[in-house]
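We will go stop by stop.

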Amino acid sequence: MIATRPILTIAGPLFSALLGFFDGGVCFWRLAGFLQSPEIRSKARECAVINLFIFGGSLAFNEKVLRPLVLELLPSRSKFPHLSLAFDTSQDVVFKLGWLFPVYLLAYVLSLSCYQAMATEACKLADRKQRIEQSTIWSFLSKFAYGVGDEVYRLLIFLMIFLQFKLLEMLVCYMHMHSSSMSQLKGYMIQTRAFIDYSSCRLSPAVLPSPLGNLLAWFLSLTGMSITFSFYAFDYIWLFQHRRLHQRLSYFEHHLPYFIGFGFPISLLYAACPAFYSDAVTGFLFPLTVLLAVKAQPRKESVRIPLFAMSTTAVDAIVRTVLRPMAARMRYR
């Protein structure tokens, strides 16, 4: 009986994660009712135009047309290799700073508006309960101020979550690299480009001595992304229901294995795509994850996993020591 307890302890969260994976990446037939809505179809088309045609099209135009044209107009690489490299790098920097990053920010903001509209419509179609609040000018201002603070606090928390998982990845990389010989280390450190791609969770060639180390670090990256994708997908539903941030975080911790599994399919897709193209593809497909979240029924665990405990403690310390004094100084100027 004692020997079976660890197995039963692991089996529950594992089943929840598999159920979440099924709900988040397999059962697309649940979307049939939503896709009949003119509002949802209209917002889905807007997401396609914003993310695929404008943002993704900008990437393809630069790679297939603009960059080859610039390289064609430059002097021969064999005669002037350094000059050609400098022009190539300058063109890439100017394109990204002057066009790609502004377009990315615009696409991000417009996509958020589309996601919220689709989630609201889907929640109404699914008869999700919404808490009705009295609408006055003071309640609106209070809700707006709380929403801004809520968003800043949430961003800081997920920044801390991101740093936690990145530190775990770095620790795994260090442990496995440290266990190898110096000659191996020199060979791995030469592969700087591959290591950077690996660290950002691209499906690049392995750069660590141990396949197990590669798998573990890659799994940590995917888990961190799954948590983020899953939380933001369900957060549109919780905002529709006017749940406070501490309630949303507590609910997420009580259902953590399910949410990790739910966000895993879109995280795999994000990891499989090249840099920047991953943002275009997931920006277009993320509404499907939001709509699946509306239909999902997360499985609660018997034990709460305090995922956000360290992050909330760190963010509270930042708010107390940095943000509040700054606000007080600005108030009395």
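**The whole chain**

Start at the N terminus and follow the elements: they run α-α-α-α-α-α-α-α-α-α-α. The chain has 11 helices and zero strands. Helices (H or I, at least four residues) and strands (E, at least two) are DSSP runs, numbered from the N terminus. This is a predicted model, where local features need pLDDT of at least 70 and side-chain atom pairs count only at pLDDT 80 or more, while totals for chains, interfaces and linings use all residues. Residues are numbered from 1 along each chain as its sequence is written, and side-chain values use heavy atoms, with hydrogens and water left out.

Now colour by burial. Of the 333 residues in the chain, 37% are buried. Buried means under 20% relative accessible area, exposed over 50%, and partly exposed in between (1.4 Å probe, protein chains only). Take the contacts with a separation of 6 or more: 79% of them join residues 24 or more positions apart. A contact means heavy atoms within 4.5 Å.

**Helix α9**

Select residues 256-272. This is helix α9, with 17 residues. From first C-alpha to last it reaches 24 Å, close to the 24 Å expected at 1.5 Å a residue. The expected span is 1.5 Å times one less than the number of residues. Of the 17 residues of α9, 14 are buried, so the rest of the structure largely encloses this helix.

Where does α9 kink? Go to Phe264: a kink of about 40° lies there, shortly before the proline Pro265. The bend is the angle between axes fitted to the seven residues ending at a residue and the seven starting there.

**Aromatic rings**

Show all Phe, Tyr and Trp side chains. The whole structure holds 22 aromatic pairs. Rings (for Trp, the six-membered one) pair if their centres lie within 6.5 Å; planes under 30 degrees apart are stacked, over 60 edge-to-face, the rest tilted.

Phe219 lies in helix α7 (residues 211-240) and Phe264 in α9, so the pair ties together parts 45 residues apart in sequence. Phe219 is partly exposed, at 42% relative accessible area. Phe264 counts as buried, at 15%.

Next, select the aromatic cluster that includes Phe231, Tyr232, Phe234, Trp238 and Tyr251. At Tyr251, look for Arg243: its charged end sits over the ring, 5.0 Å from the centre. That label needs NZ of Lys or CZ of Arg within 6 Å of the ring centre and within 35 degrees of the ring normal.

**The nonpolar core**

The largest nonpolar core has 53 residues; among those touching the most other members are Ile227, Phe231 and Phe234. Such a core is a set of buried Ala, Val, Leu, Ile, Met, Phe, Trp, Tyr and Cys residues joined through side-chain atoms within 4.5 Å. Helix α7 gives the most to this core, with 13 residues.

Zoom in on Phe234. Not counting residues up to four places away in sequence, Phe234 touches Tyr258, Phe259, Phe262, Ala293, Ala296 and Pro298. A second, separate core of six residues includes Phe55, Leu59, Phe95 and Leu100.

Select Arg154, in helix α4. Is Arg154 buried or exposed? Its relative accessible area is 7%, so Arg154 is buried. Beyond four places away in sequence, Arg154 touches Phe231, Tyr232, Asp235, Leu245 and Arg248.

Finish at Asp88, in helix α3 (residues 81-125). Asp88 is buried too, with a relative accessible area of 10%.
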